[in-house]
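Q: I would like to learn how to read a few features of this structure. Can we take them one at a time?

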Amino acid sequence: MLKAKNIIEMMENWAPTELAEEWDNVGFQIGEYDKEINKILIALDIDHRVVKKAVEENFDMIITHHPFIFQGIKKINNLNYDGKIIIDLIKNNIVIYNAHTNLDQAIGGVNEELSNLFDLENSKTIVNSEENTQKGYGKVGNIGKIKLEDYLEKIKTILDVKKITVFGDVEKEINKVALIGGSGGGFIEEVAETGADLFITGDIKYHDAQKAEKLDLILIDAGHYHTEKIILPVIKERLKELNKDLEVEVYEKPSPLYGIY
Ligand code: FE2
């Protein structure tokens with residue numbers, strides 16, 4: 001029999017909370033540490049749909065990438081969105097846990113999974129968070145020389161996304177590709193320093209694109225959701241390895257909510 005604490009221990013051996021950024025709020029957020037867990041829902045975020053499903057289908061625990069409680073909460077009542085959700089979760093005895101910037105940086109975390117999916121050769125971490133390890137943000141490596149135009153469909157297939165936005169010249173030949181899940185716009189300079197030809201991430205802003213052009217770096221915005229949802233099946237795998245009898249389901253957002261459709 002597994003308890004919430006056993007799942008939390010597994011998650012934190014994989015993605016230690018010390019790896020998380022100071023501004024982040026990762027870990028065990030709601031529920032009872034000793035609760036027996038048989039059924040787990042994995043999602044990128046907690047919203048009313050995820051909670052409705054968890055309640056209706058008797059899930060014991062929800063694991064997300066993004067923290068539900070992020071900043072201080074001053075009131076918990078049913079007059080606002082987050083309050084209603086917290087009340088529902090506690091009434092239904094559902095445990096809430098998240099691994100965010102710690103899972104981005106972990107070995108086998110978000111960025112490493114991206115690197116695996118894109119088959120990067122000689123993959124290296126872009127911004128190391130620990131000396132002498134590959135922990136950190138982003139991966140960069142080679143894919144083999146190809147004209148960008150001929151690589152676009154592959155990107156869409158790997159990330160299972162219908163539309164991506166390219167900032168740069170699709171006629172250009174690329175080889176070295178950088179990947180950062182979620183909002184990678186803040187890392188453009190570090191990525192350019194690696195000598196990457198192409199940087200695939202999400203949430204690209206107009207001024208990010210301008211900065212990248214000056215640094216001779218092509219950007220692709222494939223969406224925050226799509227560049228991070230890839231970790232959800234990996235969490236499922238780890239849970240099944242912990243105990244094959246656990247019932248685990250990955251929740252996928254309905255299409256118009258992806259941000260790209
Ligand atoms: Fe994210």
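**Salt bridges, metal site and helix packing**

A: The side chains of Lys147 and Glu171 form a salt bridge, with N and O 3.6 Å apart; the term stands for a side-chain nitrogen of Lys or Arg within 4 Å of a carboxyl oxygen of Asp or Glu. This is a predicted model, in which local features need pLDDT of at least 70 and side-chain atom pairs count only at pLDDT 80 or more, while totals for chains, interfaces and linings use all residues. Residues are numbered from 1 along each chain as its sequence is written, and side-chain values use heavy atoms, with hydrogens and water left out.

Q: Where in the chain do Lys147 and Glu171 lie?

A: Lys147 is in strand S6 (residues 136–147) and Glu171 in the loop between strand S7 (165–167) and strand S8 (173–183), so the pair, 24 residues apart, links distant parts of the chain. Helices (H or I, at least four residues) and strands (E, at least two) are DSSP runs, numbered from the N terminus.

Q: Which parts of the chain does the salt bridge of Lys5 and Asp34 link?

A: The closest N and O atoms of Lys5 and Asp34 are 3.7 Å apart. Lys5 is in helix H1 (residues 4–14), and Asp34 is in the loop between strand S1 (27–30) and strand S2 (39–43), 29 residues away in the chain. Lys5 has a relative accessible area of 29% and is partly exposed; Asp34, at 45%, is partly exposed.

Q: Which residues coordinate the iron ion?

A: Donors are N, O and S atoms within 2.8 Å of the metal (3.2 Å for Na, K and Ca); water is not among the atoms, so sites may look incomplete. Here the iron ion is coordinated by His66 (NE2), His224 (NE2) and two OE atoms of Glu228, at 2.1 to 2.5 Å. His66 lies in the loop between strand S3 (61–64) and helix H3 (81–91) and Glu228 in helix H9 (residues 224–228), so this pair ties together parts 162 residues apart in sequence. His66 is buried at 15% relative accessibility, and Glu228 is buried at 3%.

Q: What is the geometry of the iron site?

A: Four donors count as tetrahedral if all angles lie between 85 and 135 degrees; four count as square planar and six as octahedral if opposite donors are over 155 degrees apart and all others between 65 and 115; anything else is irregular. The angles among the 4 donor atoms of the iron ion are 55 to 132°, and the site is irregular.

How values were computed. Buried < 20%, exposed > 50% of the residue type's maximum accessible area, 1.4 Å probe, protein only.
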